Amino acid sequence: DSDRSYVDVVDAATGKLSKLTQHDAYESSPLYSPDGKHVAYAYSSGDVQSNQVEAFVTTPAGGEGSALSQACDCYLNDLAWLPDSSGVVMTAPEATSLTMLRAGLNGPPAPMPIDGLRVESPLQGAIAQDGSMVFVASDVKRPAELYLRPSAGGTVKLTNYNDATAGLDLADAQTIEYPTTLGIMGDALLLTPPGFDPHRKYPMVLKIHGGPTSASVRGFDELAQLMAARGW
């Protein structure tokens, strides 16, 4: 029933429910700002399998509010409030990467580079008072580890749990584009076997799925690595 979900505000004293907005569907992930003055939530105008999911911010008094993510034309993956309530941090796929963005209550989102990593843990609770962050992430040739993103930027790997796997001869990935029957270009990741020879022919496996909810973005893909290790 998630396609008919909407956000209710609950009066803790009386138990009375009141709708936050006038939407009847496709709302999720409501989050009060730390100062209690705003509510962030996710909303899509249609089926989230084929429509953008936007980050909205309104007040506890209700109303649709404003879409913070609209300017970047991105499909919202996750969001969390900054500790000072000045805005939110979001993740969203962009082509074959997972981007991190910071959006103030006014103005377009700004990128927060994360060195090509794919964040795999929730943003909520991951942001410190000084703006630094900690999260689980992976890249194409390294399984998930714990990373620190200092407030000044950059990333620092904190753990080495998967060094044994990362030390193997693994497949690399490149972004490719291809035409679709809709007249737009599609994005894909091409993983080539270890020791790839561009002058040879290799059998190819297509890992087909829907989107944009399950976009292929750069990160560690166990199944793709196993297939590439077999020479596919």
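Mentor: We will go through strands, a core, a pocket and some backbone angles.

Mentor: This is a predicted model, in which local features need pLDDT of at least 70, side-chain atom pairs count only at pLDDT 80 or more, and totals for chains, interfaces and linings use all residues. Residues are numbered from 1 along each chain as its sequence is written, and side-chain values use heavy atoms, with hydrogens and water left out.

Trainee: In what order do the four strands of the open sheet lie?
Mentor: Strands (E, at least two residues) are DSSP runs numbered from the N terminus, and two of them pair if DSSP finds at least two bridges between them. Here the order is S3-S4-S5-S6, with antiparallel pairing. S3 and S6 (66-67) are the edge strands, each pairing on one side only. Between S3 and S4 there are four bridges, and Tyr32 stands opposite Val39 in S4.

Trainee: How much space lies in the second largest pocket?
Mentor: Rolling a probe the size of a water molecule over the atoms shows where empty space is left. On a 1 Å grid over the protein atoms alone, a pocket is an open set of points where a 1.4 Å probe fits, with protein on both sides within 12 Å along at least five of seven lines; lining residues have an atom within 4 Å of a point. The volume, the space filled by probe spheres set on the points, is about 260 Å³ for the second largest pocket. Of its 18 lining residues, Tyr26, Ser28, Ala42, Val48 and Val53 lie nearest the centre.

Trainee: What is the phi of Ser85?
Mentor: Most residues other than glycine have a negative phi. Ser85 has a positive value near 65 degrees and sits in the loop between S7 and S8. Those two strands form a hairpin with five residues between them.

Trainee: Is Ser85 buried or exposed?
Mentor: Ser85 is buried, at a relative accessible area of 5%. Asp115 also has a positive phi, about 60 degrees, but Asp115 is exposed (over 50%), with a relative accessible area of 52%.

How values were computed:
Buried < 20%, exposed > 50% of the residue type's maximum accessible area, 1.4 Å probe, protein only.
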